Amino acid sequence: MSSHETRPCVPDLKKERLKCDFNVEELTNLIDGGKEKTALRRKLRSVISSESAYIDPIPPEYMSHEDQFSNELRKTCHTAMLMNKQNIDIKTLQLSKAYIGVLKDGDPLWVHYHVFIPSITGQSDPEQQKIWMEKIRTWKIFGTYAQTELGHGTFLRGLETTATYDRETREFILNSPTITATKWWPGGLGHTVNFAAVMAQLYVGGKCYGPHMFMVQLRDENTHESLPGVTLGEIGPRFGLNTNGNGFLRFDHYRIPRRNMLMKHAQVLEDGTYVKPSHSKLSYGTMVRVRVGIVRDTCIQLQQAVTIATRYSAVRHQSELIPGEPEPQILDYQTQQFKILPQISSVFALFFAANSVIDAYYSVTAQMDLGDMSLLPELHALSSGLKALSASDASRGVEICRLSCGGHGYLASSNFPRLYTQTTCAITYEGENTVLWLQVARYIIKSYRSAQNGNNLKHSVSYLSKQPRPVRGDLSNNGLLEAFKAAVFKLVSDTEGRIQRVCAKGQNYHMAWNQCSLQLLKCAEAHTRFYVCEQFVRKVEMAKGTENVKKILKNLCRLYLTHHVSVNSGDFLKSGSLSQNDIAVLEEEMCSLLEVLRPQAVSIVDAFDFDDGQLNSCLGCWDGDVYQRLYDEALKSPLNKTDVPEAYYKYLRPLMQVGLKSSL
Ligand SMILES: CCCCC/C=C\C/C=C\C/C=C\C/C=C\C/C=C\CCC(=O)SCCNC(=O)CCNC(=O)[C@H](O)C(C)(C)COP(=O)(O)OP(=O)(O)OC[C@H]1O[C@@H](n2cnc3c(N)ncnc32)[C@H](O)[C@@H]1OP(=O)(O)O
Ligand SMILES: Cc1cc2nc3c(=O)[nH]c(=O)nc-3n(C[C@H](O)[C@H](O)[C@H](O)COP(=O)(O)OP(=O)(O)OC[C@H]3O[C@@H](n4cnc5c(N)ncnc54)[C@H](O)[C@@H]3O)c2cc1C
């Protein structure tokens, strides 16, 4: 039973928590990765919660853009100092759930820690690392990852910033030849960082060698002023993440030493000789790493959203379920359960998928360090697919949770607006989703063709070797996974066939690819969904623990499978892997699972173990005292400082004094 149960809460939530039939703490430990990790996270959280420096002077919504930025920079710098004092690695803290809620609308140093530093460690040689990492450790260097330009974010070969080698002076000259060459978006670039890892087209002896990465000083280390030849600024207010300090950057024939090219994989020697990397896409390595991290991050954002929506749905009463009876908790409506419970199952699906892709990342990069690049294409496809799937599932999930809270979900004080803007931008950054789906499709089609030619396939696509033959009527988890394989196989073989037919009509391959790209997207998503389902099933089979926790996991897994079969039923029917009757049986099972899981819903989200400060939501608070909190929060509006606002005297009163001339 939950250790939180004794804390006071409204009767509705008390009743829900008393229904709990599993050990909440055990589920928390599972999500954290073990008891010790839960203890560590809570210890970190207690350090964070006791810091008065993290209290916002007024709700950030009421601050100016400049004050919001300054307030978050203050907090992120305080964190660096605090962690230094406590001897805790700041990157570990930032990736821990313990840090959630401290920064409200983006961290101006996030890209420094999680994109810039991995670029330095992953792309520079040992000698370069030694010099730069020392300066990074001593806070002389704060950096960003400056790749995207006004004209190009996706198509990296189209980047226009140039880095031209000058053999005489042994320097690179960085230049932004056009307006569209302006670097645009990098986090912290505006006014926070003084260095950047800059992606630029490498030119040596008049020849272009494509995008390479350079370490570039942008601001004076003492005065923080931008250096001559460098123009910097902030790109203006955004849909969300307004305190990330996203910036722009232009170079005017700006010189940097030769050794400022990151030289772990490719080099330019003093005499201008170009040494190529062992794989042409190694300079894209940071992106692979961050895509892997995004799966975990979006999963945590969805955890927050479902916690808020579930608790609120247990407290909110509306309408009549049975005429004349008291208004039920809205969580009792099947339609409400259908909004929320599949999102809870999605959290677990993403959680297991994130763990498996993080493991794959470490094992493949270890092999790559030994010179074996053979698994990189599979890792690229897997990380691209999971980044795209997690970002789109989580942002859709957050929006469904918001809608499930009716009008109050639209209030800033529900915290849904922030959660949504945080999650939806993951669809765009680190590779726009459609573009990444097409990268997955490219890998799948290539693999399928390779198998047709009799070659062996890598593990994650091995089922594309030959037509899977699921056993008719087998609706067990394994049976459904086989049905999934058959459905994806059919999508892939049909799409590949269609590309061939378009080509046979005289169309060139690239145009044929474009004409089939809607189906290609479907193939990529279905393949990635199958991977997520398979991981869910296998991880639940392997889960250790008490029977009741295992039962919760099994039911959530089954809900995830039946839900996704139902949503994509057409694909299963077309492939013949499931019949109409099978689909009907599975949809009925899905509805029963909603009923089975409903009494446990509040306790499952309690297991995510967020405190009120982290959820920052009037609707999701532990005690369920929703209405008082909404009222108190409204009173904080500066407009409520006076009964009659100044704007009345300036605008409304003069209007009322004139009166209407015509009678409308
Ligand atoms: C692992 C431990 C986890 C620890 C956690 C760490 C941190 C993360 C935690 C959380 C993250 C959460 C929040 C983030 C918060 C704020 C946002 C912060 C940062 C955002 C930063 C950015 O957005 S940086 C900019 C990102 N930009 C992009 O992603 C650009 C997307 N474009 C591309 O990747 C490429 O241009 C392309 C793939 C679309 C096309 O490249 P191109 O060169 O044109 O290649 P093609 O000709 O199409 O293909 C050739 C060939 O190469 C293969 N390939 C492509 N990319 C890769 C790759 N990365 N690796 C390997 N191979 C690749 C491609 O498939 C082709 O193969 P084939 O020829 O064999 O088919
Ligand atoms: C919050 C945020 C933070 C960011 N942080 C950074 C950062 O720190 N550093 C950095 O360098 N960048 C950063 N970016 C930039 C980000 O990586 C790019 O915006 C992203 O890669 C998408 O590129 P784009 O903006 O050029 O979109 P575009 O590629 O122009 O996309 C526009 C549309 O065109 C479509 N499209 C493009 N190419 C294709 C294709 N081949 N096939 C089919 N459709 C296509 C897309 O699907 C999309 O619908 C950030 C962006 C955001 C929103």
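Buried means under 20% relative accessible area, exposed over 50% and partly exposed in between, with a 1.4 Å probe and protein chains only. The views below come from a predicted model, in which local features need pLDDT of at least 70, side-chain atom pairs count only at pLDDT 80 or more, and totals for chains, interfaces and linings use all residues. Residues are numbered from 1 along each chain as its sequence is written.

**View 1. Glu 430, an annotated position in a loop.** The UniProt annotation "active site", from an unreviewed entry, covers Glu 430; such annotations may be inferred rather than shown by experiment. Glu 430 sits in the loop between helix H11 (416-428) and helix H12 (433-452), helices being DSSP runs of H or I with at least four residues. Because its relative accessibility is 16%, Glu 430 counts as buried.

**View 2. The surroundings of Glu 430.** Neighbours within four places in sequence aside, Glu 430 is in contact (heavy atoms within 4.5 Å) with Met 287, Val 290, Arg 291, Ile 294, Lys 387 and Leu 436.

**View 3. The second largest pocket.** A pocket here is an open set of points on a 1 Å grid where a 1.4 Å probe fits, with protein on both sides within 12 Å along at least five of seven lines; lining residues have an atom within 4 Å of a point. This one holds about 900 Å³ of space, the volume being that filled by probe spheres set on the points. Of its 33 lining residues, Asp 56, Lys 104, Asn 616, Glu 633 and Lys 636 are closest to the centre. Helix H21 gives the largest share of the lining, four residues.

How values were computed: Chains lettered and ligands numbered in written order. Heavy atoms only, no water. Helix = DSSP H or I, 4+ residues; strand = E, 2+ residues; numbered from the N terminus.
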